[in-house]
Amino acid sequence: MTESILLQAIIYLAAGVIFVPLAKRLGLGSVLGYLLAGLVIGPAGLGLVGEEGGDIMHIAEFGVVIMLFLVGLELEPDLLWKMRTAILGLGGLQVVLTTLAVAGLAFLLGVPIQPAFAIGMILAMSSTAIVLQTLNEKDLMPSVAGQSTFAVLLFQDIAVIPILAILPLLATYPLPGDAAGAHEHSLLEGLPAWARMLAVLGAVAFVVVLGRYGMRPVFRVIARTGLREVFIASALLLVGGVAYLMELVGLSPALGAFVAGVVLANSEYKHELESDIDPFRGLLLGLFFIAVGASVNVGLIVSQPGLVAGLVLGSMALKALILAGLGKRFKLSTDQNLIFALALSQVGEFAFVLLSFCTQNGILEASMAGLLTAVVALSMALTPLVFLINERLLLPRIGTRSHPDRDTDTIEEKNPVLVVGFGRFGNIVGRFLRASGVGTTVLDFDSDRVDILRRIGLKVYYGDASRYDLLASAGAADAKLIIIALDTPEKSLALVETVRRHFPQLKILVRAYDRDDAYEFMDAGIEHVYRETLDSSLRMGVDAMRLLGTRAYHAERSARLFRRHDEAALAELAAVRTDRKQYFSTARRRIRELEQLISSDETDRWLREVEEGWDAETLRNEMNQMATSPTPPPPTP
């Protein structure tokens, strides 16, 4: 038995280690990597995992529970109150409209009305695990789309409570023979409805009181022992205990963990809990996705490919349409609405729980539940691809046209500098130039951002700067510089092409997100490329050296050396980056040279300052002036 468990653990870990990096390398995201790993080792693939895959999924669902606990920790009650409009408006309408639309279609296709409503509620759920992880990986959580998506997911997680309460009223079919066993551990079995309700409310109240008054003293005592492993065990015990209590009273364990997290959000141990539990979340979520991939009924999909594909694509399209309509109603810009609608178009992991509940309570037939399980799993598997298609194909083409019906602003001023893109990078450059008395004309085609910036008093014009007529009206023919600070290299390169074709006298300064972006711009022949994190990273490095005791002068000079060397290395690496062997060889050589340069600079500081660290030309001029001066200044001590 021990050998079997060990072997299973090795199979799961090996599959994750192989397929997740592969999927990440292909730009598909870690979730799809886990699902592919499950498909390969599951019964439909190599058969390394059999029926025990279902048991693994029950264990791995604890990863979803931990994730909801961590989500709750991030949500202080005040923040929940501030988000009430998005949670109740976007989330509530999404669940209601999707349920009604899916139920109506299912009824028209011949499904009885009760199961049709159950299917509607099940398909209204989206995957919190996949969507949050993907949004975090893509750094989209702080965006409007990310916050709106989070609000909808939060409402869905909360809605599981009333859904579980409503579903038994929709029972249509005879209970299966083993249904009794499904509730053998429930404390509420056989109790009247009012007693069950009181028990549920009591359980939720107990979790709130436990989190607010019970756990803080316990964590305080454990923290004083200094034993980190005991603290981790206590945190896992809290999450596991709350989940089990919720399961006993028939509620979602994930919801109970979420409530416990919210209660502890203001706790002084919040950050320690997050850092201690987070590794378990990642590992168990990965296991969960592998189990989902392994449990997909490939035989059913192969036997009815048209039906399954139609249900998967139809359900995702329907949800996306409803979400897009809601996003437009709540005034999301086109690109943000596109992210919001497509991110939530899949069916989520809670659907597996609801399908199991429906089967055990005679709400859905086993064959229908099996078909829907395949639909849910496939929709989850398609989600990373949907993100990829949106990112690579849709957003670059239509995402920038936020409001096609909004007229481009009329620009009446003429300035020597044009700033295109006034996001996190462009607004610093633009504000600095204006504060320094340099006339700038700012263009941005994110209408939401333009409106916000105007409210705080900044003069920003709305319009697509890649259009010749807008550039011309902005005074590009008379300007000297154009600073391009757009979000993607594709947009920036398109603008560069327009500028070079129509306004060749303009000097182009372009912002690059990272080295890969910089390579693209250098290939396009742009001389002035600025990586957005280089200066701030070096500034942090200088501060770190100063805090460690290095003199400010030496730390600053090392940073200048690093910058000069890195920019020279960038140009050299850009020329050889298509030859991977030569690229890595050059990179290794450049790293060694940099270390030797800084090290030798420490031992021969004066010469290195002249040759590398400072502007040699300026220094030479100053020295010449000193030499010709009738009264030379005294030597520096």
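1. Gln-336 sits in helix H16, residues 334-343. Helices here are DSSP runs of H or I with at least four residues, strands are E runs of at least two, and both are numbered from the N terminus. The model is predicted: local features need pLDDT of at least 70, side-chain atom pairs count only at pLDDT 80 or more, and totals for chains, interfaces and linings use all residues. Residues are numbered from 1 along each chain as its sequence is written, and side-chain values use heavy atoms, with hydrogens and water left out.

2. Gln-336 is buried, at a relative accessible area of 14%. Buried means under 20% relative accessible area, exposed means over 50%, and partly exposed lies in between (1.4 Å probe, protein chains only). Ser-143 is 193 residues away from Gln-336 in sequence, yet their C-alpha atoms are 8.0 Å apart. Neighbours within four places aside, Gln-336 contacts Ser-143, Val-144 and Ala-145. Contact means heavy atoms within 4.5 Å.

3. Helix H8 (residues 144-166) holds another glutamine, Gln-156. Its relative accessible area is 0%, so Gln-156 counts as buried. Beyond four places in sequence, Gln-156 is in contact with Gln-94, Val-95, Ala-124, Met-125 and Ser-126.

4. Next, a helix pair. H2 (residues 30-41) packs on H13 (residues 270-295) at about 50 degrees, with the axes 6 Å apart. The axes are lines fitted to C-alpha atoms, for helices over the stretch in contact, and angles between N-to-C directions run from 0 to 180 degrees. H2 and H13 are therefore oblique to each other. The classes are roughly parallel under 35 degrees, roughly antiparallel over 145, roughly perpendicular from 65 to 115, and oblique for the rest.

5. The crossing of H2 past H13 is right-handed. That label applies if the near helix is turned clockwise from the far one by less than a right angle; anticlockwise is left-handed. On the H2 side the contact is made by Val-31, Tyr-34, Leu-35, Ala-37, Gly-38, Leu-39 and Ile-41. H13 supplies Gly-282, Gly-286, Phe-289, Ile-290, Val-292, Gly-293 and Ala-294. By class, that is 10 nonpolar, 4 polar and no charged residues. Nonpolar covers Ala, Val, Leu, Ile, Met, Phe, Trp, Tyr, Cys and Pro; charged covers Asp, Glu, Lys and Arg; the others, Gly among them, are polar.

6. Phe-289 also matters to the core count. The largest nonpolar core has 123 residues, and Phe-289 is among the six that touch the most other members, with Phe-69, Leu-167, Phe-219, Leu-264 and Phe-340. A second, separate core of 33 residues includes Val-420, Ala-474, Leu-495 and Phe-521. A nonpolar core is a set of buried Ala, Val, Leu, Ile, Met, Phe, Trp, Tyr and Cys residues joined through side-chain atoms within 4.5 Å.

7. Phe-521 is also one of the buried residues of H23, with Asp-517, Ala-518 and Tyr-519. Gly-525 follows H23 and has a positive phi, near 85 degrees. Tyr-513 lies in the loop between strand S5 (507-512) and H23 (515-523). Tyr-513 is partly exposed, at 41%. Tyr-513 touches Arg-424 and Glu-532, neighbours up to four places away not counted. Thr-488 is 25 residues from Tyr-513 in sequence and 8.1 Å in space, C-alpha to C-alpha.

8. Chain totals: 28 helices and 6 strands. Of 637 residues, 46% count as buried. Among contacts with a separation of 6 or more, 74% join residues 24 or more positions apart.
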